[in-house]
Amino acid sequence: MSFVRPEARAALVRWREVVGGLAVAAAGLWLASLGGLFLMPLGGAVALVGLTLAWNGRRRMEFSRDVTAPGMVEVDEGRVSFFHPFGGGSVALRDLSEVALTGHGTARGWRLSQPGQPALTVPLAAEGAPALADALTALPGLDLARLSRALGAAEGAPGDQAVVIWSRNVWPEA
């Protein structure tokens, strides 16, 4: 028996990273308020870490979605695998040549292209798809802010227009 309404529970789960980061920041501020040459800088550092965690948690919230699409995404040691009842595939992050957001509405997804192979399309609402956003940050020249802006631009993209968010030609490896 739960004393928390399902809607409130879903909101708490969605905001858990932000709330956790803010709790760490509050603990850091409390520690800094105790004063002293050691506790003030330590508390400030803890508060800064907490605010960073909250900021990253807020940005990651944009990628979490209810699981409404068939299939499952698995990210393991630099390899993205998508398992679907009627197909799927796998691609190594180091082999990617382009990452784009395609489709509209519930049919939106990531298009992962690699040379000499068919593109792998992963629905945004597939189980495990938020882990893909974390994995994509390892690509040279791509960050979560760029990914967030592309996700917002894809919301308003008409039809099946693809929004390219990373290309190896634009951001070569260092």
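Two strands pair if DSSP finds at least two bridges between them. Helices (H or I, at least four residues) and strands (E, at least two) are themselves DSSP runs, numbered from the N terminus. This is a predicted model, in which local features need pLDDT of at least 70 and side-chain atom pairs count only at pLDDT 80 or more, while totals for chains, interfaces and linings use all residues. Residues are numbered from 1 along each chain as its sequence is written, and side-chain values use heavy atoms, with hydrogens and water left out.

**Strands and sheet**

- β5 and β6 run antiparallel and are joined by four bridges.
- Trp110 has Val122 of β6 as its bridge partner.
- Four strands make an open sheet in the order β6-β5-β4-β7, with antiparallel pairing.
- β6 and β7 are the edge strands, each pairing on one side only.

**Hairpin**

- β1 (residues 72-76) pairs with β2 in the antiparallel sense over five bridges.
- Val80 in β2 is the bridge partner of Val75.
- Two residues lie between β1 and β2 in this hairpin, and Glu77 in the turn has a positive phi of about 50 degrees.

**Nonpolar core**

- A nonpolar core is a set of buried (under 20% relative accessible area, 1.4 Å probe, protein chains only) Ala, Val, Leu, Ile, Met, Phe, Trp, Tyr and Cys residues joined through side-chain atoms within 4.5 Å.
- The largest such core has 25 residues, and Leu96, Val99, Trp110, Leu112, Val122 and Leu136 touch the most other members.
- Elements giving two or more residues to this core include β2 (79-84), β5 (109-113) and α4 (130-136).
- α4 supplies the largest share of this core, four residues.

Methods: Buried means under 20% relative accessible area, exposed over 50%, partly exposed in between (1.4 Å probe, protein chains only).
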